[in-house]
Amino acid sequence: MNSQYMPQQPPQYGASPGSGFGPSQGGYAPQGPNKPAPNQSGFQQPPQMTGLQRGGPPPGLVRGNLPPSGSNISHSVPNGPSHGSPNVQGPHMQGMPIQSALANPGFGPANYHSPGGSPMGHPGSPSQPPPSGPPPMQPHPGSGPGAPPSPSPNQMTAQMAGMNIGGPPRVPTSNSGLPNVPNKAGMTPPASSPPNNYPGAINGGPPPAQGPPAERLPGKQYVNGSMGPPPISGGGPMPPHMAPHGGPPHGMGPSPHFGGPPQPGGMPSLSQGGMPPPPGGMMPPQNNLPPHPGGMPPPRGGMPPQGGMPPQGGMPPQGGMPPQGGMPPQGGMPPQGGMPPQGAMPPPGGMPSHGSMPPPPGTMGGMPPHGGPLQGNMPPPGRMPYPQPGVPPPVDTYQGSMSGPPSGPYGSQQNMGSAQVQGHNYSQPPQSHPSMQSQQARRLDPDQMPSPIQVMQDDQRNRSGIFYTNQKGQVPPLVTTNFVTQDQGNAGPHYIRSTMYNIPATIDMMKQTAVPFGLVLSPLARTADEEYPPPIVDMGELGPVRCIRCKAYMCPFMQFIDGGRRFHCLFCKATTEVPAEYFQHLDHTGQRVDRFERPELTFGTYEFVATKDYCRNNTFPKPPALIFLIDVSYNNIKSGMVHLLCKEMKEILKLLPNDAGAKQSVMRVGFITYNNTVHFYNIKGCLAQPQMMVVGDVQDMFMPLLEGFLCDPSESEAVIDSLMEQIPAMFADTRETETVLAPAIQAGLEALKASECAGKLLVFHSSLPIAEAPGKLKNRDERKLLATEKEKTVLAPQVNTYNNLGQDCVGAGCSVDLFVFNNSYIDIATIGQVCRLTGGEIFKYTYFQADLDGDRLIADIKNNISRPIAFDSIMRVRTSTGVRATDFYGHFFMSNTTDMELASIDCDKAVAVEIKHDDKLTEEDGVYVQVALLYTSCGGQRRLRVLNLSFKTCSQMADLYRSCDLDSIVNFFSKQVVFRLLESSPKQVKDSLVNRCAQMLACYRKNCASPSSAGQLILPECMKLLPLYVNCILKSDAVSGGSDMTIDDRSFVMQAVSIMDLPSSVVYFYPRLIPLHDIDVDSSDIPAPIRCTADKIRDEGVYLLENGVHMFLWIGLNVGMDWVQNVFGVHSAAQIDIDRTALPELDNPLSQRITSLVSTVRQQRHRSMRLTLVRQRDKLEMVFKHFLVEDRGFDGSASYVDFLCHMHKEIRNLLS
Ligand SMILES: [Zn+2]
């Protein structure tokens, strides 16, 4: 099974070069075992009406059936379609033109068709893949010349026969509406079946009781007794207090606590969204805890034990803990100084304003001046460089504990030096929490380990304000720092960040340091309020001026020579004639006198209006469209989703985006509903009532409506209103539980093709598609395979249908977002492929209940459709010679080795690109990168967004190590790891990451730090958090999620990671933990976060924890009565109803402050997080603690202390 589709894997995550989607992947050769038919034409099947066979009305055409009572939908025989349908599939829609156009636009005809095939890449690089010109097109799979001809007339006829015109969705006979009978897919049975009918297997129950970490869990590896680094040999000053050894090192604190085997029954499903089991067995079904995006079904009261787990349903509340009243024994967390110095966080620097002023003369026109002090290199104030004997002060040598409170015992050496102690501790039996309190015994004080909170606060303090982009190789402020970019020739960090800004000159140095050179690109990122959006340049008929050789676009890096008649390209070194229309004289500095009037000569980010040459078929595009595809089967009706969505549609449609300056959106919308047939609606404004057309033959989907399907929502407002009233009514009594999915998506695709426009499908889907149709899936919910060597078998798609469909969609500029409302296994790994390949994403609402989750859903939809977005786009990264983009990670499709095709990309998504050397670089030249995104705007304008970034080159490793951006490294590594998990075994992938990081740090230690004792761990300043963050990647659900989460949850977070932008990945891997018990009610700021460890949590505290996917409010049992009274309206923490998903809105300042803060935090993330209340010692606490990433995990994953010691050992091994 696996082997059958594995070969397809490489391309699935973004095509590694070469393996990519070469011509070979014709995409349409039958690939998967279940592939229904060569779908190339969609017409090759015998044209009968197979789709309608199952039960219900006679197959074929059902004419004139009236809709269910009360429905006003009128029906009409499609006028055009009889001949129209074939057209939809005809060559002119699907065939070459589109494909070639797509390849084409890719950067203009010149790119692909340049006469003589001028190399588009880097002429100087021998290893460059075939030069430019895949000229005449890289045919899209399935669209090439080989595409089968359009259907013959008789096929058409037959197809029409398959169409149920005007009929209401039939009542399926297949499951005769018997309630409480789960069908084969384990779906929710119709009617009022109690939740406990869900097959246990699908529930996200806790892991088997024997659950101690499997051997392969990384944590285990780090935790064995042999791990401690060898004793320090002399070296670093070791403070006396560190020397004695014996007592449990501190830091072990959490470990003992967490390290034990999961307590029976206590282990809730931690997974994504996984709903924490409710305390007590009284959980009402479904209602209370639909997990957020994740989904484990909440274990409920009467639920049968799930798959071998301990019977949590019946567990006494709090897993046997004494009832809350009792004082928490643990005396609370260790004193720890309680709250960290949060107050220190300065308010976001008053942003001075805008800045798109032209840079001072001399800063542009190519070379930005170098030489200025690199702000990025400034050590944080107050950081004392650790004096090392005989060490030149060079680089920001970080030694262990830095940046910590100045008061602390200083010294990393000591800390690390105490490593030998670690060895002991690991083998110690788990201890109870209280023992941690003996601070004296601590050796490795977590407070002395590099703290992300401190690093963020320092950066905020030092680097907030304006970030000028006029310097080559300048390291931007941290992602978390509040700053405003002033574009002075390099693109701002919101759009493009790099893992490093000083690029090693030689391949050898790159290899030795092992630091990846990666870019994280968010070309559509939102601009801050104080920033200007990228200026738009319209060159008229001339179009963008480009280098004749590499096709780079005009930018500040081009150098004009010869009196302004020619320009020299810094990417490929070629010289190009300046077109007469573009000629301008140079001033005495050799720069064009008009440079300040031309954004493309001044800014790092700008847009060109594209000419027809950059459009499909050389025709300007129509505005993109949005199609809502609503699964109207039983589950979605029952949950209230369909009703809610229809009710809110009017408000949603008001938010359609428009181009800057436009008054109103010109995007059109269309509606499709489906269950095991697909229903199109004619919503033409002139109709009195919407008309419905049913295509029953789901084997061969086609578009029955030529006109009236996609309409302007304001012109068709009344008809849409009417439709939105009728849809819930029409399907109110449905018993249908078997749905199709691929044919519905195909329907949306055909609709866009028929209208010759790009767009996006928003698919609202409920269950595993098990209806007899293309894309039918099997239930393979074997979560026990997660975190084992065999996990790929459930994390890779089970059939290729959705991959092929995704490729078809990209070819037509059709992006797909899936909103999933599953109550059981839905196989996101398979169906999500269509999102992955089309630049789409998944939103997940397991156990959706409209009354509880409706607000989140609607907020997500509104954000989804209103955010900045580019359609039908293609992105290329050009680089100066010597380096080149080789590997690409994210949601897109590649049909060659250079161009990322993104049916859409929006402001919330990022792709990562690895740049590799293929030659030596010269130190004086630097490295230049230009990212070009060709796209169709929401207003229908074809444009090119160009991002330029320049780097320095270096021959000293220290220069590299002072210019790294750790947030980007983490984002890059996480995407790479998630991708690799589908290719290699989890152990290999994780070991490889650990080894690489050890190598990065060992190389620094060897080449940049003083020759001090091997017992010292010396970290480069800008990477001092690398061990922490790498451990966070390793522990994350996306990478290590085991059988305590569902397969869908795991697939969901893997996809989420692969599209995360930097702000999202920073908080996903290191969650934000915000104390709320002493919040200042007069402020509106978000209180400073604290470190993510149980050590920092106090019984009398209340904390909000969020990672962009989950949000928890943890309430200590000793929290002040006033606080509880004000916020929850009850007298004690014990009385709080933790099943609620929203805080009560009470009339007092504290309540308002807290609810407003929760709302603010939600708005900062692009998915609306569900709020889960967790009371101290309730069972849910385990779930909450899972996200305290500095602590040892329940699954045995390493704590920060553990991992740092392990990393130290690895480094020493490499050095010796
Ligand atoms: Zn060039």
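Colleague: Is Glu-648 buried or exposed?
Modeller: In this predicted model, Glu-648 has a relative accessibility of 18%, so it counts as buried, the limit being under 20%.

Colleague: Which residue does Glu-648 form a salt bridge with?
Modeller: Its partner is Lys-647, and the closest N and O atoms of the two are 3.5 Å apart.

Colleague: And Lys-647, buried or exposed?
Modeller: Lys-647 is exposed, because its relative accessible area is 55% and the limit is over 50%.

Colleague: How many salt bridges does the count come to?
Modeller: The count comes to 46 salt bridges. One of them joins Asp-594 to Arg-592, with 2.9 Å between the closest N and O atoms. Asp-594 and Arg-592 are both buried.

Colleague: Which distant parts of the chain does the pair Glu-1190 and Arg-1091 link?
Modeller: The side chains of Glu-1190 and Arg-1091 meet in a salt bridge, at 2.9 Å from N to O. Glu-1190 sits in the loop between helix H33 (1181–1186) and helix H34 (1200–1215), while Arg-1091 sits in the loop between strand S27 (1072–1075) and strand S28 (1102–1106). The two residues are 99 residues apart, and both are buried.

Colleague: Which residues do salt bridges with shared partners join into one network?
Modeller: That network consists of Glu-841, Arg-867, Asp-906, Asp-908, Lys-909 and Arg-1167.

Colleague: Changing topic, what coordinates the zinc ion?
Modeller: Four SG atoms do, from Cys-547, Cys-550, Cys-569 and Cys-572, at 2.3 Å. Along the chain, these donors follow the spacing C-x2-C-x18-C-x2-C.

Colleague: Which parts does the pair Cys-547 and Cys-572 tie together?
Modeller: Cys-547 lies in the loop between strand S8 (536–537) and strand S9 (559–561), and Cys-572 in the loop between strand S10 (566–568) and strand S11 (575–577), so the pair ties together parts that are 25 residues apart in sequence. Both Cys-547 and Cys-572 are buried.

Colleague: What is the geometry of the zinc site?
Modeller: The site is tetrahedral, with angles of 98 to 114 degrees among its four donor atoms. For comparison, the ideal angle for four tetrahedral donors is 109.5 degrees.

Conventions
Residues numbered from 1 in each chain as written. Predicted model: local features only at pLDDT ≥ 70, side-chain atom pairs only at ≥ 80, totals over all residues. Heavy atoms only, no water. Donors = N, O, S within 2.8 Å, 3.2 Å for Na, K, Ca; no water. Tetrahedral: all angles 85-135°; square planar, octahedral: opposite > 155°, others 65-115°. Helix = DSSP H or I, 4+ residues; strand = E, 2+ residues; numbered from the N terminus. Buried < 20%, exposed > 50% of the residue type's maximum accessible area, 1.4 Å probe, protein only. Salt bridge = Lys/Arg side-chain N within 4 Å of Asp/Glu carboxyl O.
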